[in-house]
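Here is a friendly walk through one protein model, with a few stops along the way. Have a look at the structure before reading on.

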Amino acid sequence: MSELIIPADLLPADARFGSGPSRIRREVLESLAGPDSVMGTSHREPPVKHLVSSIRSGLAELYHLPAGYEVALGNGGATLFWAMAAACLVRHRSANGVYGEFSRKFARTLQAAPYLADPAIFEATPGSLALPTAVRGVGTYAWAQNETSTGVIAPVARPVDIDEDSLVLIDATSAAGGVNADMAEVDAYYFSPQKNFASDGGLWVAFLSPAALARSADLTSSARWVPDILNLSMAVDNSQADQTVNTPALATLTMLEAQVRWLLDRGGMNWAAHRTATSSGILYRWAEDHPLAAPFVRDPGLRSPVVVTIDLDRSIDAEELCRIARANGIVDIDPYRKLGRNQIRVGTFSAVDPADVEALTACLDWLLERIRRR
Ligand SMILES: *Cc1c(COP(=O)(O)O)cnc(C)c1O
């Protein structure tokens with residue numbers, strides 16, 4: 001059987017639709033090799049400090065950070081921040097929303113910490129949502145704003161009736177930069193930049209409230225052993241000096257800074273949220289209208305604006321569809337590997353042009369017509 005070649009005039013201008021790492025704007029990639037690039041220079045000198053300073057101030061502006069909040073960053077990505085939170089932010093016990101692989105991984109990290117009680121788990125099957133509610137003796141509440149493995153979006157609001165000094169930790173890895181949230185509702189809003197911030201991996205960023213800063217200062221000076229790389233208060237001290245504890249990836253910082261400025265220049269989070277809602281809306285409508293497709297997330301209120309999951313009819317082999325799409329240059333529409341569904345998953349992050357999403361639906365129409373006939 002000869003390979004299917006999608007007509008060139010149907011193809012998106014940029015056909016990278018991954019849910020992370022995700023599309024990086026080409027101008028930004030080119031700037032890494034340009035005359036103003038910091039690549040190959042010391043991270044302890046003013047040009048890189050200016051870059052980190054611009055990232056911190058730009059993010060504070062983007063999310064209208066309340067007075068007293070800090071923007072901290074360091075190496076290791078959101079996964080490292082989970083370990084850091086287990087070391088520096090959870091005192092006795094947490095309550096976690098678990099509704100997919102990423103929210104589960106943080107709960108597992110906390111469960112494995114020998115000095116913490118097992119977390120109180122609020123669990124829902126993939127495609128739906130469970131949020132933690134007030135539990136006695138729990139001082140930390142955690143969930144993911146966007147569950148990247150399933151495409152479920154969660155509200156960001158302090159649970160009612162929790163203890164006054166409780167912390168709310170939001171994994172915003174695939175939400176930040178594409179979905180808005182009120183930081184007054186959160187004590188740690190953390191993410192990696194390879195999703196909506198159209199940069200590369202390896203870095204974590206966190207917005208920290210005064211209560212989170214105080215908890216960390218307290219736990220890192222207690223009897224609990226905290227290695228330097230997991231010491232959040234040390235990371236905050238370095239961040240305040242526009243530095244990181246150890247050597248950062250300069251390309252990741254450069255591309256993150258460019259994307260933060262790009263978003264601010266276009267109208268900030270309102271603009272970004274409108275754009276991701278437009279892109280995802282095109283796909284959800286397409287899936288609802290196509291006889292061989294359906295949105296995986298049943299409840300329209302839980303459908304993510306930044307990661308769109310679409311189930312395909314049994315007569316279509318999604319794996320084969322993704323393989324043919326890739327051969328045509330349309331990459332990374334594969335489902336999350338462990339979810340195990342006959343599905344595609346499309347990142348509609350803020351760097352993605354809605355016109356490219358429109359073009360993707362035309363390509364999917366074209367492919368579905370032909371794959372079924374074979
Ligand atoms: C991608 C992702 C992570 C993991 O990020 P890393 O940078 O690979 O550590 C964690 N949580 C969510 C919600 C994600 O989407």
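Pro21 sits in the segment that comes before α1 (26-31). This is a predicted model, and in it the peptide bond between Gly20 and Pro21 is cis, with omega at about -5°. Most residues other than glycine have a negative phi, and most peptide bonds are trans.

## Two residues with positive phi

Asp161 and Ala198 are worth a look for their backbone angles. Asp161 is not a glycine, yet its phi is positive, at about 65°. The residue belongs to the loop between β6 (152-153) and β7 (167-171). Ala198 also is not a glycine and has a positive phi, of about 45°; its place is the loop between β8 (188-191) and β9 (203-208).

Are these two residues buried or exposed? Asp161 counts as exposed because its relative accessibility is 72%. Ala198 has a relative accessible area of 2%, so it is buried.

## How the two domains meet

The protein divides into domain 1 (8-25 + 269-372) and domain 2 (26-265). Their C-alpha centres are 27 Å apart. Across the boundary, 34 residues of domain 1 are in contact with 35 residues of domain 2. About 2800 Å² is buried between domain 1 and domain 2, and carbon and sulfur atoms give 59% of that area. On the domain 1 side, Ile24, Arg25 and Met269 lose the most area to domain 2, together 32% of what that side buries.

Polar links are part of the picture too. Between domain 1 and domain 2 there are 15 residue pairs in polar contact. Which elements give two or more residues to the side of domain 1 that touches domain 2? They are α8 (268-289) and β11 (307-312), and α8 gives the most, with 8 residues. The residues of this side divide into 17 nonpolar, 9 polar and 8 charged. The count of salt bridges between domain 1 and domain 2 is 3.

## Salt bridges around Asp14 and beyond

The model has 18 salt bridges. Asp14 takes part in a network of them, linked with Arg16, Arg23, Arg26 and Asp356. The closest N and O atoms of Asp14 and Arg16 are 2.8 Å apart, while the side chains of Arg26 and Asp14 meet at 3.9 Å, N to O. Asp14 counts as buried because its relative accessibility is 11%; Arg16, at 22%, counts as partly exposed.

Arg261 and Glu257 form a salt bridge at 3.7 Å, N to O; both lie in helix α7, 4 residues apart, or about one turn of the helix. Arg261 is partly exposed at 27% relative accessibility, whereas Glu257 counts as buried at 18%. Glu288 and Arg303 form a salt bridge at 2.9 Å, N to O. This pair links distant parts of the chain, with Glu288 in helix α8 and Arg303 in the loop between β10 (293-295) and β11, 15 residues apart. Glu288 is partly exposed, with a relative accessible area of 47%, and Arg303 counts as buried at 14% relative accessibility.

## A buried glutamine in a loop

Finally, visit Gln243, in the loop between α6 (232-240) and α7 (250-266). Gln243 counts as buried because its relative accessibility is 9%. Leaving aside residues up to four places away in sequence, Gln243 touches His43, Arg44, Lys49, Val52 and Asn238.

Definitions and conventions: Residues are numbered from 1 along each chain as its sequence is written. This is a predicted model: local features need pLDDT of at least 70, side-chain atom pairs count only at pLDDT 80 or more; totals for chains, interfaces and linings use all residues. Side-chain values use heavy atoms; hydrogens and water are left out. Domain bounds come from an automatic or database domain assignment. Contact means heavy atoms within 4.5 Å. Buried area is the accessible area (1.4 Å probe) that two parts lose on being put together, summed over both. A salt bridge is a side-chain nitrogen of Lys or Arg within 4 Å of a carboxyl oxygen of Asp or Glu. A polar contact is a pair of N or O atoms within 3.5 Å; within protein, one must be able to donate a hydrogen and the other to accept it, and residues adjacent in sequence count only if both atoms are side-chain atoms. Ala, Val, Leu, Ile, Met, Phe, Trp, Tyr, Cys and Pro count as nonpolar, Asp, Glu, Lys and Arg as charged, and the others, Gly among them, as polar. Buried means under 20% relative accessible area, exposed over 50%, partly exposed in between (1.4 Å probe, protein chains only).
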